[in-house]
Amino acid sequence: MGGLCGWIGSSDEQLHTMAAPLARFDSSPLHSASGGRSALALCAHGAAADIAGTDGLLTAVWGRPVWRDPALARLAEAEGHAHVLASLWQQGADRLCERMEGAFALAVIDNRKGEALLAADRMGIHPLFWSLRGETLRFASLADCLRRQAEVDLQSVYNYVYFHMVPGPATIYRGIERLLPGHFLHYRQGRARVDSYWRMRYSEGSEQPFPDLKEAFLRQLREGVSRAAQGASTGAFLSGGTDSSTIAGMLTDLRGEPARTYSIGFDAKGYDEMDYARLAARYFGTAHHEYYVSPNDVVSAIPRIAAVFDQPFGNASAVPAFYCARMAKEDGVERLIGGDGGDELFGGNERYAKQQLFGLYGRVPLAVRKGVLEPLLFGIPGTERVRLLRKARSYVEQASVPMPARLETYNLLERYGPGQVFTSDFLHAVSPELALATLREQYNRSGAASPVNRMLELDLKITLADNDLPKVRKACELAGLDSAFPFLDDAIVAFSSRLSPRQKLRGRKLRWFFKEALRGYLPDEIIAKQKHGFGLPFGIWLQQHKPLQELAADSLAGLARRGIIRPHFAGQLLGQHLQEHAGYHGTMAWVLMMLEQWYRERTP
């Protein structure tokens, strides 16, 4: 909830106008400081807000930073985080950021030198957007604060449909960028330099003894849950998976009383996992609360979801996350703890095992692949009619696609073909190949040696920082709650980087170390269950619920009128495609519907 904003290099700004979107859902109080041709504002409650301005130096912190240095921690306790920033500023931008951990966004403006520093935390929990026009640097925790006179970037619209969100550092607006996790911006005399102050460093050599690792992991995880729960009335999401169940149990242990847990169910076959959530709640003795989301709830939530996200966002599980958060808010909870990050740190996504299997093909000598296997599978007529050979052809076809493009083999937009979805005028204004180039750039940025860790590092950015974290944060913001993520505690992140690839993925066993370390703490049924979460049965309901059908049809017609998608594709998607596979094609219907809903919230 809330955030910070400000500028340096201009006197033609209205601070209250810029800051207004930060408090639109919870009426957070405004704290501000100004001087010369600059200003800073914070909208937040209590300890989440700290701002100071003295002797031409303005400093602000939003969030819950952690100072591992005991002297700095004592100074922050006595004088505030903004005061610590001011004291460290003279040491340099890089040095200042390296001393900070936790979830935060910060800004330092030094009017005496004409300099400024912006930084986002290591995991990207608290975002920070910026725009440089002329010599004026403007920045904010929401893109909405900066969108005055900004135009929608059609390339980002394309990327949104491809990824179901807008990958950073780009934003939906031309000329506005987002700081990547662990990055800072240093402004000096009208110029801005963006660089990283932290990145994942994987230790891929020898393995430590399992008992020692287990003891350290459980201790650090308890400490992370404890820190996440400090200073607020706290509850926890509970899907019944390993991550949320572990947090629910540890929160109960730490409090010495039943933790308040919240689960969402769906009256749709294959989507409801309430039984696992109830199992975890009974096992740990939590004070459990449940809510079943209905199609009417979805219709009601759609415009509100579109309003709270400052960029188009196509992850449909934001809806159940919102109803879960609303239930907690009505129960008096101030902060909800989520289990996000466990998969991306410890190797929990099925595609990691799948891609490792595809990677084996690259070890076959090139002469054997090109001279024997591929001619046999693709050169001899009739192989596609033999089931075993057909599967072998499919394996070779996918294994031959280089990483990370192979991760997008089943991408909906790739399957349809951009020319079938978008109008020719729209496609002439964009470069479809840039979407995959964005993925490739991030993948190649990794310094990890193993394919597993390279995929994990990619997902820390694309899956976590760009997708799952905004989903939970914004769902909680819409309900008027704060959020926290114990698995993203810096000590846990550092611990995960020291595990070997084999401890994360052993054969096809996902999160091997993680699950073995929790064996005996969690019920065996939860350790063995398949990952699901709060997936929304939108495609199924779209076939049955008339108000949803009307809203989807009207939204896609709106995108067609904007000249973005082809009218024929809209009809085909909601008709033929949806009947063929409601779950698969329903995802694209949702993504396009939410794009139009976002447009309606912010543009004529």
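Leaving aside its neighbours within four places in sequence, which residues is Ile565 in contact with? Here are some notes to read beside this predicted model.

1. Let's start with that residue. Beyond its neighbours within four places in sequence, Ile565 is in contact with Val421, Phe422 and Thr423, with Leu556, Leu559 and Ala560, and also with Ala570 and Leu592.

2. Now step back to the core around it. Ile565 is among the residues with the most contacts inside the largest nonpolar core, along with Phe217, Leu536 and Trp590. That core has 159 residues, and helix H19 (residues 451-479) gives the most to it, with 13 residues. There is also a second, separate core of 23 residues, which includes Leu4, Ala33, Leu40 and Trp62.

3. Have a look at the aromatic rings next. The whole structure holds 24 aromatic pairs. In one of them, the ring centres of Phe487 and Phe514 are 5.7 Å apart and the planes meet at 50 degrees, so this pair is tilted. Phe487 belongs to the loop between strand S17 (482-484) and helix H20 (490-498), while Phe514 is in helix H22 (residues 512-518), so the pair ties together parts 27 residues apart in sequence. Both Phe487 and Phe514 are buried.

4. Another pair to find is Phe495 with Phe513: their planes are at 40 degrees and their centres 5.7 Å apart, so this pair is tilted. Phe495 and Phe513 are both buried.

5. These four rings belong to a cluster linked by ring pairs, which also includes Phe210, Phe217, Phe346 and Trp512.

6. Finally, two charges over rings. Arg454 lies over the face of Tyr443, 4.6 Å from the ring centre, and the charged end of Lys529 sits over the ring of Tyr276, at 5.0 Å from its centre.

How values were computed: Residues are numbered from 1 along each chain as its sequence is written. This is a predicted model: local features need pLDDT of at least 70, side-chain atom pairs count only at pLDDT 80 or more; totals for chains, interfaces and linings use all residues. Side-chain values use heavy atoms; hydrogens and water are left out. A nonpolar core is a set of buried Ala, Val, Leu, Ile, Met, Phe, Trp, Tyr and Cys residues joined through side-chain atoms within 4.5 Å. Buried means under 20% relative accessible area, exposed over 50%, partly exposed in between (1.4 Å probe, protein chains only). Helices (H or I, at least four residues) and strands (E, at least two) are DSSP runs, numbered from the N terminus. Contact means heavy atoms within 4.5 Å. Rings of Phe, Tyr and Trp (its six-membered ring) pair if their centres lie within 6.5 Å; planes under 30 degrees apart count as stacked, over 60 as edge-to-face and the rest as tilted. A charge sits over a ring if NZ of Lys or CZ of Arg is within 6 Å of the ring centre and within 35 degrees of the ring normal.
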